[in-house]
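The sequence and structure come before the details.

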Amino acid sequence: MIVLRVSERRPVDTPRMWEGGEVSRVRFLIAVVASSGRRWSKMAALLVAWSGSTALPAHGQTPAAPAAGKAAPAAKPSRATILRGEYGALRANNDLLYYHLDIRVDPKEQALGGTNTIRFRMLKDDSKIQLDLNPSLSVDKIVFRDVALKFEREFSAVFVTFPETLKEGQVYSIDFHYSGKPASTGRFGGISFRKDPAGRPWIYTSCEMQGASVWWPCKDQWRDEVESMDLSVTIPKELVDASNGRLVGKKDLGDGTTRWDWHVSYPINSYCVSLNIGQYEHFADSLGDLTLDFYVLPENLEKAKKQFAQAKGMLEAFQHYFGEYPFKKDGYKLIEVPYAGMEHQSAVTYGNRYANGYLERDWTGVGISTRFDFIIVHESGHEWFGNSISAADRSDMWIHEGWTTYLEVLYVEFMYGRADALKYVNAYKARVRNASRIIGNRGENVSPPGDQYFKGALFLNTLRSVVDDDTRWWALLRGLHERFKHKNIMTEDLVEYFNRETGKDLTPVFDQYLRHAAIPVLELKFDEAKVSYRWKADEKAFAMPVRVGSKDNWQVIHPTTEWQTTTTALKKDEFEVATDLYYIGVSKKSSEG
Ligand SMILES: [Zn+2]
């Protein structure tokens with residue numbers, strides 16, 4: 001997902017970028033709702049973090065349900081919120097294996113309908129499971145072994161009751177039939193039935209905020225993913241459907257419609273499942289043995305061939321840092337849409353006007369953003385962070401957005417060098433608010449504040465400085481993707497990884513940046529030829545080395561939250577701190593006041 005500033009005009013062909021949110025003081029919109037977080041208890045952290053020899057569950061498997069954290073000071077979430085966000089017992093009792101979403105889409109009626117075949121393994125004996133479907137759509141029937149099952153609906157939840165107890169370890173399959181006219185809501189519409197500029201039908205989905213259940217029935221949460229999926233989309237024969245995965249084939253059904261069959265060979269987030277239906281032109285390319293496919297409106301074909309050439313450099317950069325493109329069997333695709341863009345897995349949607357920068361602007365304002373297409377780089381970066389490594393709860397969405405914003409920085413470093421990368425990442429400081437913590441309440445399906453992007457990236461730049469050994473840092477990044485690829489994880493898993501691999505206790509550092517609003521402030525007190533220093537931080541155990549002194553001859557000090565003193569030949573005004581390498585505040589005082 002991306003954020004958009006609105007200090008300049010919004011394109012007419014872009015859906016409303018923001019619904020019911022807040023405009024920040026710095027005049028840019030964040031497509032998120034600020035949340036007051038509750039701190040995970042150590043017990044919960046222990047439950048989620050992997051314990052050495054135990055392998056993390058892959059996307060298709062279900063990790064342990066979260067333990068209850070400390071009571072949140074915020075208002076009690078509503079029943080609808082709990083049903084949407086919580087990994088409750090009727091979700092946790094099963095593990096998704098496979099979907100076959102087979103639907104017919106009618107552009108004229110702005111309607112759709114069909115079946116989702118849902119295969120799952122029971123993790124405990126039970127006779128009931130929770131699925132999800134927006135109330136604007138009707139459940140026609142849910143069939144299990146030729147028998148229509150009983151179900152109850154409550155907000156978006158659909159509770160399905162089986163006539164017998166489903167047994168732990170056994171695999172079951174149901175056919176969920178549904179139909180209706182889905183309600184278009186939220187930032188990118190969820191699902192939109194529109195026309196392209198030439199008046200041809202253009203139907204597209206982008207539903208990270210609302211959830212996939214705005215247009216199809218599924219287990220709509222972040223923790224559990226199917227291991228593979230088929231999508232069959234029947235549409236008027238003059239149209240094209242570009243969805244996730246590999247195009248298996250298309251079949252003329254002889255009634256004026258064509259069915260497009262796509263196969264996804266990997267775990268996939270429900271919100272990444274995407275329809276993009278239009279009168280697209282297709283062209284193809286490759287990078288080594290990775291297929292690249294592009295779907296664009298006919299009038300943009302030449303522009304697209306030029307602009308989308310950037311996809312190769314982007315893929316080379318990210319493969320350099322994180323290893324092979326994580327969805328190789330499915331290939332990589334860019335698909336034109338009228339909104340800015342979205343990270344739909346192996347089917348990245350693109351609406352950045354075939355121009356560099358972000359919607360034709362210098363996004364970071366330091367002359368670097370205009371050298372590349374922000375949407376190609378950012379949304380495709382999510383293939384590694386968001387799609388391959390996924391957060392298991394929306395509270396930890398910085399794993400998607402903070403990391404992907406940092407991937408922008410790595411792209412700049414790969415293309416233009418370290419100095420420009422530092423300039424780029426530090427320009428994001430202007431967008432950070434430090435008004436609330438990045439990690440919010442688990443189980444409430446609320447996006448963290450915009451700081452998850454910019455502060456997230458600045459934090460990772462800081463972490464690199466803490467590691468203070470680039471060879472080690474690059475190995476840590478590669479190892480990280482290798483360790484967690486195709487898995488759903490929480491921040492605790494990342495902390496555990498970095499602690500283990502570096503042999504340092506970085507927990508208070510992660511906690512300060514992600515679980516508190518304020519950044520650490522380096523307090524310096526000067527007294528003749530001496531300087532005293534300490535961190536002012538919410539985390540009592542906060543300790544982080546930092547480079548100080550003068551640019552030509554940095555000295556690394558190891559402040560904690562207790563005062564320490566060292567000698568310096570530098571006066572207060574001459575004494576510098578490497579604030580481009582660490583995202584910190586600095587407070588300087590003379591001891592005489
Ligand atoms: Zn994003």
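Helix 7 (residues 398-416) packs against helix 8 (residues 418-427) at an angle of about 155°, and their axes are 7 Å apart. Helix 7 is therefore roughly antiparallel to helix 8 (angles over 145 degrees count as such). Axes are lines fitted to C-alpha atoms, for helices over the stretch in contact, with angles from 0 to 180 degrees between N-to-C directions. Val409, Val412, Glu413 and Tyr416 of helix 7 meet Arg418, Asp420, Ala421, Tyr424 and Val425 of helix 8; contact requires C-beta atoms, placed from the backbone, within 7 Å. Six of these residues are nonpolar, none is polar and three are charged.

The model is predicted: local features need pLDDT of at least 70, side-chain atom pairs count only at pLDDT 80 or more, and totals for chains, interfaces and linings use all residues. Residue numbers start from 1 along each chain as its sequence is written.

Helices (H or I, at least four residues) and strands (E, at least two) are DSSP runs, numbered from the N terminus. Two strands pair if DSSP finds at least two bridges between them.

| Strand pair | Sense | Bridges |
|---|---|---|
| Strand 18 (residues 281-287) and strand 19 (residues 290-296) | antiparallel | seven bridges |
| Strand 27 (residues 546-550) and strand 28 | antiparallel | five bridges |

Strands 18 and 19 form a hairpin with two residues between them, and glycine 288 in the turn has a positive phi of about 60°. Serine 286 has threonine 291 of strand 19 as its bridge partner.

An open sheet of three strands has the order 28-27-30, with antiparallel pairing. Strand 28 (553-557) and strand 30 (576-577) are its edge strands, each pairing on one side only. Serine 550 lies opposite asparagine 553 in strand 28.

Technical notes. Parallel < 35°, antiparallel > 145°, perpendicular 65-115°, else oblique. Contact = placed C-beta atoms within 7 Å. Nonpolar A, V, L, I, M, F, W, Y, C, P; charged D, E, K, R; others polar.
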